[in-house]
Amino acid sequence: MLLQKSKKNQYFSLPTKPDIVIGIDPDADKNGVATLFRENRLLRATALTFPETLDYIRYIHSQARANRQTVRVIIEAGWLNKTHWHVSYSDSRQAAAAKGNAVGRNHETGRKIAEMCQHWEIPHELIKPLALKAGGVNLWHGKDGKITAEELTAITGLKGRTNQEARDAALIAWTWAGLPVNISAKQPFPPK
């Protein structure tokens with residue numbers, strides 16, 4: 001059991017696995033936001049601006065409370081990694097500075113989402129980014145070793161168009177909830 005502080009500085013226990021998991025992949029432009037309803041494994045994923053993300057979190061939290069359900073927001077926190085190496089040796093100083101600026105903006109977006117969850121007393125956790133490689137081999141077949149829409153559909157059943165941030169958020173929610181990440185060996189990637 002996790003303990004959460006109430007407004008009266010009293011602690012109350014939270015169930016280990018909430019009814020609803022909101023996974024967030026922070027981005028300076030549009031955050032990947034995925035909602036997993038654990039009971040039926042229904043997964044929704046989209047990309048939202050910062051204000052839309054905050055509105056959405058509050059809405060889902062209020063709806064869950066009205067239905068006596070629990071919610072946990074899981075925020076990818078890249079700043080928890082020891083290093084943030086995103087440049088290549090061929091990058092100019094300007095390109096390296098632009099990449100560093102973008103990474104910093106993404107990190108600050110995640111910190112602000114966590115700060116607002118804390119302010120609203122919405123249970124949340126910060127997690128390190130999910131691994132893209134295992135044993136030096138890419139886990140996924142997308143650009144830069146990211147998960148593809150086809151792979152996500154094979155794992156979760158999520159249908160429809162998604163961008164990379166939404167897919168990453170869906171994977172955050174799915175794996176944090178402890179749901180299986182198995183892809184049938186019969187299904188080739190990319191699909192033919």
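I counted the secondary structure of the protein chain first: 4 helices and 9 strands. I note that this is a predicted model. Along the sequence I read the pattern β-β-β-β-β-α-β-α-β-β-β-α-α.

I then looked up burial for the chain. Of its 192 residues, 37% are buried. I also checked how far contacts reach in sequence. Taking contacts between residues at least 6 apart, I find that 59% join residues at least 24 apart.

**Entry: strand β6**

I turned to β6, residues 71-76. How many of its residues are buried? I get 6 of 6, so I log the strand as mostly covered, with buried meaning under 20% relative accessible area.

Next I sorted the side chains by direction. Val 71, Val 73 and Ile 75 point one way from β6. Arg 72, Ile 74 and Glu 76 point the other way. I note that Arg 72 and Glu 76 are buried along with the rest.

Which strands pair with β6? I found β3, residues 20-25, joined to β6 by 5 bridges. β3 and β6 run parallel. Here I see Ile 22 standing opposite Val 73. I also found β7, residues 124-127, joined to β6 by 4 bridges. β6 and β7 run parallel as well. In β7, I list Ile 127 as the bridge partner of Glu 76.

**Entry: helices α3 and α4**

I moved on to α3, residues 149-156, and α4, residues 164-176. Their axes come within 11 Å. I have them crossing at roughly 25°. The crossing is left-handed.

Which residues make the contact? From α3 I list Ala 149, Leu 152, Ile 155 and Thr 156. From α4 I list Arg 167, Ala 170, Leu 171 and Trp 174. By class, I count 6 nonpolar, 1 polar and 1 charged residues in this contact.

**Entry: Gly 157**

Last, I looked at the loop between α3 and α4, where Gly 157 sits.

Definitions and conventions. Residues are numbered from 1 along each chain as its sequence is written. This is a predicted model: local features need pLDDT of at least 70, side-chain atom pairs count only at pLDDT 80 or more; totals for chains, interfaces and linings use all residues. Side-chain values use heavy atoms; hydrogens and water are left out. Axes are lines fitted to C-alpha atoms, for helices over the stretch in contact, and angles run from 0 to 180 degrees between N-to-C directions. Helices (H or I, at least four residues) and strands (E, at least two) are DSSP runs, numbered from the N terminus. A crossing is left-handed if the near helix is turned anticlockwise from the far one by less than a right angle, and right-handed if clockwise. Contact means heavy atoms within 4.5 Å. Ala, Val, Leu, Ile, Met, Phe, Trp, Tyr, Cys and Pro count as nonpolar, Asp, Glu, Lys and Arg as charged, and the others, Gly among them, as polar. Buried means under 20% relative accessible area, exposed over 50%, partly exposed in between (1.4 Å probe, protein chains only). Two strands pair if DSSP finds at least two bridges between them.
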